[in-house]
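Here are some brief notes for a colleague opening this entry for the first time. Please read them with the display in view.

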Amino acid sequence: MADFRAALRRFLRITERNARAAGLTPQRYLLLLMIKGAADHSEQSTVTELADRLQLAQSTVTELVRRAEEIGLVERERSSVDGRIAYLRLSAEGERRLASTFTSNETERQALLDAFESLRGRVTAG
């Protein structure tokens, strides 16, 4: 378990560094990642869905989205079915920055996967 925890911490630290190199705060990186990786695979999300996935207060997510929107990382589109609902998508700039961060994390993702597989093998064997 300690090896997995160490690999997870290393992954998070390096991901934060790579996000900053792409001009993203760690919070904005997570926001973009959660929108792009929406649970329904639509690559869009609502503030309510993001608050749940990020485990943050809706007001906190609303502010995070507002700031990301101001600097051109996300775009908002009203639902054609229910005008009270706004869907968030990544802008071209948001896509570019997320891709830059994501591709620079390949080695760390593989190391984390290896650590998880090792842990799972020990749990299954025990």
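**Notes on one helix pair and the overall fold**

1. Bear in mind that the model is predicted.

2. How are the two helices placed against each other? Two numbers describe a packed pair of helices: the angle between the axes and the distance between them. Here α2 covers residues 26–36 and α5 covers residues 92–103. An angle of 65 to 115 degrees counts as roughly perpendicular, so α2 and α5 are roughly perpendicular to each other.

3. On the fold as a whole, the protein has 6 helices and 2 strands. Their order along the sequence is α-α-α-α-β-β-α-α.

4. Of the contacts in the protein with a separation of 6 or more, 54% join residues 24 or more positions apart.

5. As for dimensions, the C-alpha trace spans about 55 × 30 × 25 Å along its principal axes.

6. What share of the 126 residues is buried? Buried residues account for 36% of them. The accessible surface of the protein is about 7900 Å², and carbon and sulfur atoms supply 54% of that surface.

Definitions and conventions:
Residues numbered from 1 in each chain as written. Predicted model: local features only at pLDDT ≥ 70, side-chain atom pairs only at ≥ 80, totals over all residues. Heavy atoms only, no water. Axes fitted to C-alpha atoms, helices over the stretch in contact; angles between N-to-C directions. Helix = DSSP H or I, 4+ residues; strand = E, 2+ residues; numbered from the N terminus. Parallel < 35°, antiparallel > 145°, perpendicular 65-115°, else oblique. Buried < 20%, exposed > 50% of the residue type's maximum accessible area, 1.4 Å probe, protein only. Contact = heavy atoms within 4.5 Å. Areas by Shrake-Rupley, 256 points an atom, 1.4 Å probe, with all protein chains shown as cover.
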